[in-house]
Amino acid sequence: MAGSSFGTLFRLSTWGESHGPGVGCVVDGCPPGIAISRAEIQADLDRRRPGQSRLTSQRQEGDEVEILSGIFEGVTAGTPIAMLVRNTDARPQDYDELKEIYRPSHADYTYQAKYGFRDHRGGGRASYREAIGRVAGGAVARQLLRQRCTAEIVAYVLQVSDIRGEIDRATVSREAVEAEITRCPDPEASRRMAEAIEEARKTGDSLGGVVEAVARGVPAGLGEPVFDKLTADLAKALMSMPAARAFEVGSGLSSVVMRGSTHNDPFVMKEGRVGTTTNYSGGIQGGISNGEDIVVRVAFKPTATIMRDQQTVNRRGEDVTFRARGRHDPCVLPRAVATVEAMIALVLADHFLRQQAQRG
């Protein structure tokens with residue numbers, strides 16, 4: 001399948017289907033000598049896996065990663081890194097009735113239109129289980145960034161439906177994010193979000209929202225004009241996630257009501273380096289990182305699978321009534337945080353290596 005690989009020098013390919021034997025990835029281009037343990041990769045996968053709380057899908061997968069190649073004695077070897085996660089709680093029979101039905105707002109019809117064939121078991125490649133490969137590869141990218149340029153990435157749930165948290169981007173930590181069941185590090189907003197998600201689940205409905213992320217310690221100079229701008233590659237990475245519907249960097253859409261005299265970020269010297277007094281640019285100017293914190297947001301639609309009667313058509317063009325069953329997230333936001341961080345790490349690692357290759 002074309003489109004299953006991502007990156008230029010640091011390259012990720014993912015494979016597998018939701019209800020097949022397993023899912024995984026191959027990371028190519030990672031330099032040798034990066035220290036990484038299986039436990040570090042597993043920690044990120046645990047943040048994405050289903051069944052972790054009452055707010056997520058109750059599919060009970062351990063998502064235990066197996067490292068097949070490319071890491072030896074806790075260090076990357078410079079060769080392709082292959083990782084596998086076996087599906088242990090797949091229930092393909094739950095989807096037998098979908099062989100002839102196109103589920104509203106799923107990829108059923110579009111995959112059929114594109115390939116003339118589709119894997120109806122839980123959406124196949126369109127399932128969020130595909131993101132396991134992204135998160136595993138992103139864990140490797142995270143360690144490369146941490147060890148080569150001390151960059152760190154923290155993502156969190158900013159908004160669920162119309163409930164929005166108040167978060168200090170400059171100080172928010174992963175520990176604060178992980179302390180909340182919703183992964184919104186504003187305790188009061190998190191409580192309200194959890195109640196809203198629970199209510200949506202009980203009524204067979206779903207909710208959307210926004211994940212925000214900040215990348216600190218990213219060196220200036222990452223990004224390739226014109227078509228490989230850092231902004232453009234981050235947008236592609238995050239918009240490739242299942243259910244993603246919108247992307248913003250820095251001030252984003254709010255900039256349309258601002259004036260240039262307010263929106264411009266004045267340059268100053270900060271501890272011997274060029275910095276800015278404000279960060280409406282979100283750490284990227286001209287498509288190239290400027291050394292300030294990179295701030296991005298990605299909006300997710302409400303989960304398409306809902307436990308309510310819906311009108312649709314089957315492959316013969318006949319009107320039918322459909323009600324989903326199985327195990328599904330009433331809101332993708334809490335589990336999406338790990339994948340957002342992974343995709344940002346993959347983009348930054350790729351551009352870091354490209355900058356090194358160009359300038360040394």
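Analyst: Five strands form an open sheet in the order 1-2-3-7-4, with antiparallel pairing. The model is predicted. Strand 1 (5-6) and strand 4 (65-69) stand at the edges. Each has a single partner strand, so one side of each is left without a neighbour in the sheet. Helix 1 (residues 38-48) packs on this sheet. Helix 1 touches strand 4 and strand 7 (81-86), and its direction makes about 135° with that of strand 4.

Now the pairing at the strand 1 end. Strands of a sheet pair through backbone hydrogen bonds, either parallel or antiparallel. Strand 1 and strand 2 (residues 11-16) pair in the antiparallel sense over 2 bridges. Ser5 has Ser13 in strand 2 as its bridge partner. The hairpin of strand 1 and strand 2 has 4 residues between the strands, and Gly7 there takes a positive phi near 110°.

Strand 2 also pairs with strand 3 (residues 22-28), in the antiparallel sense and over 6 bridges. Trp15 has its bridge partner, Gly24, in strand 3. Strand 2 and strand 3 form a hairpin too, with 5 residues between them.

Which side chains of strand 2 are buried? The side chains alternate along the strand. Leu12, Thr14 and Gly16 point to one face and are buried.

Strand 10 (residues 209-216) and strand 16 (residues 294-300) pair in the antiparallel sense over 7 bridges. Val210 has Ala299 in strand 16 as its bridge partner.

Two packed helices are described by the angle between their axes and the distance between the axes. Helix 1 and helix 8 pack at an angle of about 140°, with their axes 7 Å apart. Why are the two helices called oblique to each other? Angles over 145 degrees count as roughly antiparallel and 65 to 115 as roughly perpendicular, while the rest, once those under 35 are set aside as roughly parallel, are oblique. Helix 1 and helix 8 are therefore oblique to each other.

Which residues make the meeting? From helix 1 come Asp44, Arg47 and Arg48. From helix 8 come Pro334, Arg335, Val337, Ala338, Thr339 and Glu341.

Take Arg47 first. Arg47 lies in helix 1. Its relative accessibility is 5%, so Arg47 counts as buried. Neighbours within four places in sequence are left aside for its contacts. In helix 8, Arg47 touches residues including Pro334, Arg335, Val337, Ala338 and Glu341. Arg47 is also in contact with Gln52, Arg142, Arg174, Glu178 and Arg183.

Now Pro334, across the meeting. Pro334 is placed in helix 8. Its relative accessibility is 2%, so Pro334 counts as buried. With neighbours within four places in sequence left aside, Pro334 is in contact with Arg47, Val157, Ile181, Thr182 and Arg183. Pro334 and Val177 are 157 residues apart in sequence and 9.9 Å apart in space, C-alpha to C-alpha.

Arg48 brings in a ring. Arg48 lies over the face of Tyr128, at 5.0 Å from the ring centre. Lys114 likewise lies over the face of Tyr115, at 5.6 Å from the ring centre.

Last, the ring pairs. The structure holds 2 aromatic pairs. One of them joins Tyr102 and Tyr109 edge-to-face, at 5.3 Å centre to centre and with 75° between the planes. Tyr102 has 13% relative accessibility, so Tyr102 counts as buried.

Notes: Residues are numbered from 1 along each chain as its sequence is written. This is a predicted model: local features need pLDDT of at least 70, side-chain atom pairs count only at pLDDT 80 or more; totals for chains, interfaces and linings use all residues. Side-chain values use heavy atoms; hydrogens and water are left out. Rings of Phe, Tyr and Trp (its six-membered ring) pair if their centres lie within 6.5 Å; planes under 30 degrees apart count as stacked, over 60 as edge-to-face and the rest as tilted. Buried means under 20% relative accessible area, exposed over 50%, partly exposed in between (1.4 Å probe, protein chains only). A charge sits over a ring if NZ of Lys or CZ of Arg is within 6 Å of the ring centre and within 35 degrees of the ring normal. Two strands pair if DSSP finds at least two bridges between them. Contact means heavy atoms within 4.5 Å. Axes are lines fitted to C-alpha atoms, for helices over the stretch in contact, and angles run from 0 to 180 degrees between N-to-C directions.
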